[in-house]
Amino acid sequence: MQTVTFSSTFDVLDDIRSFVGEQARGAAFNEKDVYSIQLATDEAASNVIEHAYQGRLDGKFDVGCEFRKGGLIITLLDHGEAFDPSKIDEPDLKADLSDRKIGGLGIYLMRKLMDEVRYETTQAGNLLTMVKRKG
Amino acid sequence: MKINTKEFKHCDMVSIEGRVDSSSAPQLSKALDAVIGKGVYKIVVDMSQLEYMSSAGFRALLASQRVCRRYHRGEVVLASVPERIREAFELAGFTELFRTYGDPLEAVGSL
């Protein structure tokens, strides 16, 4: 697995999208899937920066990427506040404009764009694993 | 990301070039707020040069749509939405919240 360490600032998002985009193209995913992988990873990293590190700029997190058994596996490992996905309400997509909640959209998109999304708390830190299968 | 705002008789057009993510979305919000701050509540967002938009950009658009529609009988409409971004919009259930047009000038004419 190729792993790159990033700082907890939003400036790194461009580099993160390039990194996973290159890996996805290397594994011959089509452009629609490449975009989905980039968007899901951006949303995941944005959540780490915003919630796990809560605006602290000195945090570090690792993004790993590997193509195995017909799927691209993307991991994010951070050492900030643990994330409990059960605390995030699914956005109500049927709600009209005035009732539409503005948060929770990132994780919803990650689940829609990827085939698997898992959160674990490990000794090494908070680990998010996402898988996009090919075709 | 680059943003350019142009004034028309009945609306303003905000053209976004490049990529909108959590890093650049505050700049988009600022541009939309500046239009609203002038008392213009009909806004065309021209996406013809937009390459990428994450949910941070969606939130900026939603917040402006809310202000324009709810308080001022205005509207934010989208023009030339690239295919990938349209697909993400559909996933997010945003397609019903914004009218979209194939061409920016057609969008200007609709307001």
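**View 1. Polar contacts link chain B and chain A at 6 residue pairs, both members at pLDDT 80 or more.** A polar contact is a pair of N or O atoms within 3.5 Å; within protein, one must be able to donate a hydrogen and the other to accept it, and residues adjacent in sequence count only if both atoms are side-chain atoms. The model is predicted: local features need pLDDT of at least 70, side-chain atom pairs pLDDT 80 or more, while totals for chains, interfaces and linings use all residues. Residues are numbered from 1 along each chain as written, chains are lettered from A and ligands numbered from 1 in written order, and side-chain values use heavy atoms, without hydrogens and water.

**View 2. R17(A) and D21(B) form a salt bridge.** The N to O distance is 2.8 Å.

**View 3. The interface of chain B and chain A buries about 2,300 Å².** Carbon and sulfur atoms give 60% of that area. Buried area is the accessible area (1.4 Å probe) that two parts lose on being put together, summed over both. In chain B, Y52(B), R84(B) and L91(B) lose the most area to chain A, together 26% of what that side buries.

**View 4. Strand 4 (residues 75–79) of chain B is largely enclosed by the rest of the structure, because 5 of its 5 residues are buried.** Buried means under 20% relative accessible area, with a 1.4 Å probe and protein chains only. E75(B), V77(B) and A79(B) lie on one side, V76(B) and L78(B) on the other. Strands are DSSP runs (E, at least two residues), numbered from the N terminus.

Terms used
Salt bridge = Lys/Arg side-chain N within 4 Å of Asp/Glu carboxyl O. Buried < 20%, exposed > 50% of the residue type's maximum accessible area, 1.4 Å probe, protein only. Helix = DSSP H or I, 4+ residues; strand = E, 2+ residues; numbered from the N terminus.
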